[in-house]
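Me: I want to check the wording used for this model against the rules behind it. Please take me through it term by term.

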Amino acid sequence: MQKNVVIAGYVRSPFHFAKKGSLARVRPDEIAAQVVRGLVEKIGINTADIEDLILGCAFPEGEQGLNMARIVTFLAKLPISVAGTTVNRFCGSSMQSIHMAAGAIQMNAGDAFICAGVESMSRMPMGGYNPMPHPGLAADYEQAYMSMGVTAENLADKYNISRQRQEELTVISHQRANDARHSGRLTDEIIPIVHGDIIIGSDGCIREGTTAAALADLKPVFRVDGSVTAATSSPLTDGASATLVTSEEYAKATGLPILARIKSIAVAGCAPEIMGIGPVNATIKALSRAGLSLADIDIIELNEAFAAQALSCVDELGVDMEKTNIDGGALALGHPLGATGARITGKAAALLQREGKQFALSAQCIGGGQGIATILEAV
Amino acid sequence: MTIQHTVIKKIAVIGSGVMGAQIAAHFANAGVPTLLLDMVPKDAGDRNILASGAIAKMLKGSPKAFVHNAAAKRVTPGNLEDDFDKLKDVDWIVEAIIEDPDIKSNLYKKIDSVRKDTAIVSSNTSTIPLSRLVEGLSYSFRQKFLVAHFFNPPRYMRLLELVVGPDTKPEVLSTIEQFADHRLGKGVVHCYDRPGFVANRIGIFWMQSGYAAALASDITIEEADAVMSRPVGIPKTGLFGLFDLIGIDLHPKIDASMASLLPAKDDYHSQRCDLSLINQLINEGYTGRKGKGGFYRLNRSGGGKVMEAKNLKTGDYAPVQKVDLESLKAVKTEGLSGLLNHPDRGGQFAWRVLSNTLAYAASLVPEVADDIVAIDRAMTFGYAWKAGPFALIDQIGVVDFVSKMKAEGRPVSNFLTLAAKVGSFYRTVDGNRQYLDVTGEYQNIPREAGVLLLEDIKLKSDPIISNQSASLWDIGDGVTCFEVHTKVNALNMDVMDLINQSINLILKNHKAMVIYNEASNFSVGADINAFVALIEQKSWPEARSMLAKGQSTFLALKRSSFPVVAAPFGMALGGGCEIVLYANAIQAHVESYLGLVEVGVGLIPGWGGCTAMLERYSVNKISPKGPIPIINAAFETISMAKVSGSAFDAKDIGFLRPDDGITFNRDRLLADAKARALELAENYEIPEVAEITLPGPTGRSILSTTVRDFKARGLATDYDVVVCDALADVLSGGQAGDVTTPLSEEDLLALELKHFVGLMQNQGTLDRIQHMLKTGKPLRN
């Protein structure tokens, strides 16, 4: 008999600007370990029951290398019996970790998984220390290695996303994140990070009082005649997130607080030069597998890698912005690559419960031309 | 009797104005922790705001006060209320506050109550007599007190005037002198306690005399500056440009101060004139470059940028006119005398101002300093004159100078008459440079202990070998000095020939080679005209052999069985940088501006610059491991044509190795380089042939992607992409590069050669070179 899979917990670290933010000097394995430890303590799960720590990371080398997931099990003081694997699907890494746990549970290969993600964009350069593209492919099919900013410009061109619309979305994202922060709606999900004598307890990327007028003065950063600016791109960010994914029967038997049931999952490839459109096909596939239409979805977490990218998906899918990213998106909160998938999926699950709704979707784009999506339902 | 020197380990500077802050910065440059104190402004939130604000301003300002941003950490900001007690720990307290004797005196009394007994106190005053400053102060304070007067900007201007009082202990003077000479790189001039000391006494006279002479004649300020600058060996700011640079508002104050302090018979009084035009400028906010303009201003009205100059007669601004004076043409054919004897307004102006100033300087020995050497040093180090007043009189000819003065019925001082009798102020006898003292005797020009100059060696000996582009000198103890002496010290095939000949000779007869010269820059690179000729004749085989010869010559230098030490200073660019990179060690002057700037002319380094940078970055232990960080670093340095802002910066970029040395005093560079060479010559081992592991085509892909991104972002041009692709191929190791197979230096040099000559055959490169030759600026094609 196929088991149901549920999300029974979601937390994250505060998100901070890379290089200049409060987490810049904290190692990524340390951030991830504190978040994982925070999750198990908050939920009160019997850690001996955990099968595996599946940790997403976009650039798993250096401090993020050496199968960081296993290192994090030690740092988080999980029992020695808990295994650890590091997963890479670039920005989709930690949503992928949730999908892998779901598959394993349904395969009857364990009942409880920690599905986490982390990225220190301060301590690991974008692309890693030694990016070594296949020279033949790089010559014949350069979009395979195209920089993300250029793909956002390509989308802005292809889908006619004006600079003004990109800036409006940025302002909304900051306003919503700022409101959520000030009304305490982000407090529950944040595990403060302790670094020496310092405790980093709140987000660092959200800008209070961002206005469209202030953004209009910025210069394009990826193409001299382009429309994408630093403000309409998600910032380089440090942070980690973690979810607890279990079988529904285990959660119920041990009294875990279920946030949502995973209804369907999907990944889909797309042209790499417009990688930001990836969520569209992934979402269509996941909806079809769930037997739902977008109109049925009450809560949407659509990652904002770039405003132009998110708006292209909004236009293509016909997304209602009123139910999308209601506590702000990555433009305001930040986008620590490997951590984002577990953040938006955990957040969608938590919002289902908080808002008392039935269906939620989390979806995001992935460098190289992919999308990933998850559909959740209230239990 | 041995003199007890205070070791200067910690310094405090009081007053964080432009001078105080920059003096503190230069102490920090020298590696000394320095406390910078100022007042607490009313209602200040940050009580150290004046000092910390000054430090922040220096980090942004230009020219840079710090040799390296890290030096700024050695300056600790503080304030006179909370931190005064900290003065008890410092070895030297430098006062650089407002020029008011009573305020200074009160501060000294407070300092005297906290300073430790051995602490030295100095003032940076430029106008107040030392005797006035120490009135009413304790004997023990007066023993430790002197005037140490820096020039603006202190990092760059070499002059330090030292003035002692009757009670100042000799060891206090020698402590500061030694520190200033060795650690700060200053040229010290001992002055007597007279108004304006030496440099400003003459400099202010020159400026006032020039201003008065210009007002009294038809000369325009553009003409006055054209005449009173390069043609007489004075910086191109000239006279009115210097007013603007210093700040016009200072002049009436300085003029009044000099007039009140100088004795009635002093010739300064006769140069004074109506300053109403200057006062009008000040009232309108035209205080010079720090204000909205001065004698010159940049008119931005109507969206344009027009440089305008003040008309001294009408008081109006008008666009700067190109200067066309016959007297300026006469300089080119007949030298300085051609200018001074020319009857047009340029010649008359030059003669009037220079004769006034030089005669005045001659009247000041020994009133302001013991000898003419001190006075000439003061003007060359403090006002950046190429020659001081007495060297200038020698250029004109002292006999001609005196007879022209007499013919005009002007008084001639005894000292000038004496000099005219013996023929010159300076002479060379038996390889010794001598100066005329006030008694009419010639004395050898003394050198500070340990100073070694090629200039002196040349007087006493002939080169070991020489051709028209370079010479090899014996500088003693088995060490040789290789000197390039072409125009702007460009490197050509003659230079390569002489290096190869020198190597053979040194192998037989000597221990080491130092590469060094005493021009204004070490070398601005390969002789670019030679490349133009080859391109125009499409002589590609010759181009290849020219490249190959440079490469094999530099490799021979590196791999010879004796050590080669390069001693760069000023600019060492392109080929001039490559020869430095191929030396076995570097002893650099602190003001060394190194760079591989070939991309500016559409080329890549071809005499081993690419290879040398890869080798340097591959042994760098700080950067991340793997083949990509190495080529990324080299690509960044070369594709952006990075030029170091100092020798410390050159270490950061990687031109200097971590153990290469840095010398602050330009006159000690050769001696330090020689000492380094001798040290290396003990048990010298030839460096092993370098092998570098490079990624090959995958690395080229990543660098090419980077440059295309830059192009998309508007930061690189079409032809930048062509040049950078060639550079990317060299730096990634070409087709042969692979992570499993190290490449030799020779492999990489062959790649450099291939791509260099390939780029030469491209019109884009020729366009860049021709544009550079015509305008001096890079073409963005």
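Me: What makes residues of helix α2 (residues 68-75) of chain A count as buried, and which are they?
Reply: A residue is buried if 20 or more other C-beta atoms lie within 10 Å of its own, exposed if 12 or fewer, and partly exposed in between, with C-beta atoms placed from the backbone. In α2(A), A:Met68, A:Ala69, A:Ile71, A:Val72 and A:Thr73 are buried. Their cover includes α1 (28-43), β3 (50-56) and β4 (83-87) of chain A. After α2(A) comes A:Lys77, with a positive phi near 55 degrees.

Me: What kind of model is this, and how are residues and chains labelled?
Reply: It is a predicted model: local features need pLDDT of at least 70, side-chain atom pairs count only at pLDDT 80 or more, and totals for chains, interfaces and linings use all residues. Residues are numbered from 1 along each chain as its sequence is written, while chains are lettered from A and ligands numbered from 1 in the order in which they are written.

Me: What is the predictor's confidence in chain B?
Reply: pLDDT is the predictor's confidence in each residue, from 0 to 100. Chain B has a mean pLDDT of 95, and 99% of its residues reach 70 or more. For the complex, the predictor gives an ipTM of 0.85 and a pTM of 0.91.

Me: Why is helix α5 (residues 148-158) of chain A called largely enclosed?
Reply: Eight of its eleven residues are buried, so the rest of the structure largely encloses it. Among them are A:Met148, A:Gly149, A:Leu155 and A:Ala156. The buried residues of α5(A) pack against α10 (307-317) of chain A. Just after α5(A), A:Asn160 has a positive phi of about 50 degrees.

Me: How do you know whether the radius of gyration of chain B agrees with a compact globule?
Reply: The radius is taken over C-alpha atoms, and the globule rule is 2.2 Å times the number of residues to the power 0.38. For 781 residues, that rule gives a value near 28 Å; chain B has 28 Å, so the two agree. Buried residues make up 49% of chain B.

Me: What makes β15 (465-466) and β23 (661-663) of chain B edge strands?
Reply: Strands are DSSP runs of E, at least two residues; helices are runs of H or I, at least four, and both are numbered from the N terminus. Two strands pair if DSSP finds at least two bridges between them. The open sheet runs β15-β16-β17-β18-β19-β21-β23 (chain B), with mixed pairing. β15(B) and β23(B) each have a single partner strand, so one side of each lacks a neighbour in the sheet.

Me: How do you know that strand β17 (residues 479-484) and strand β18 (residues 512-515) of chain B pair?
Reply: They share four bridges, in the parallel sense. The pairing rule asks for at least two, so they pair. B:Phe482 has B:Ile515 in β18(B) as its bridge partner.

Me: What makes residues of chain B count as in contact with chain A, and how many are there?
Reply: Two residues are in contact if their C-beta atoms, placed from the backbone, lie within 7 Å. By that rule, 16 residues of chain B are in contact with 15 residues of chain A. α25 (627-639) and α28 (697-712) of chain B each supply at least two residues of chain B's side. The largest share, eight residues, comes from α28(B).
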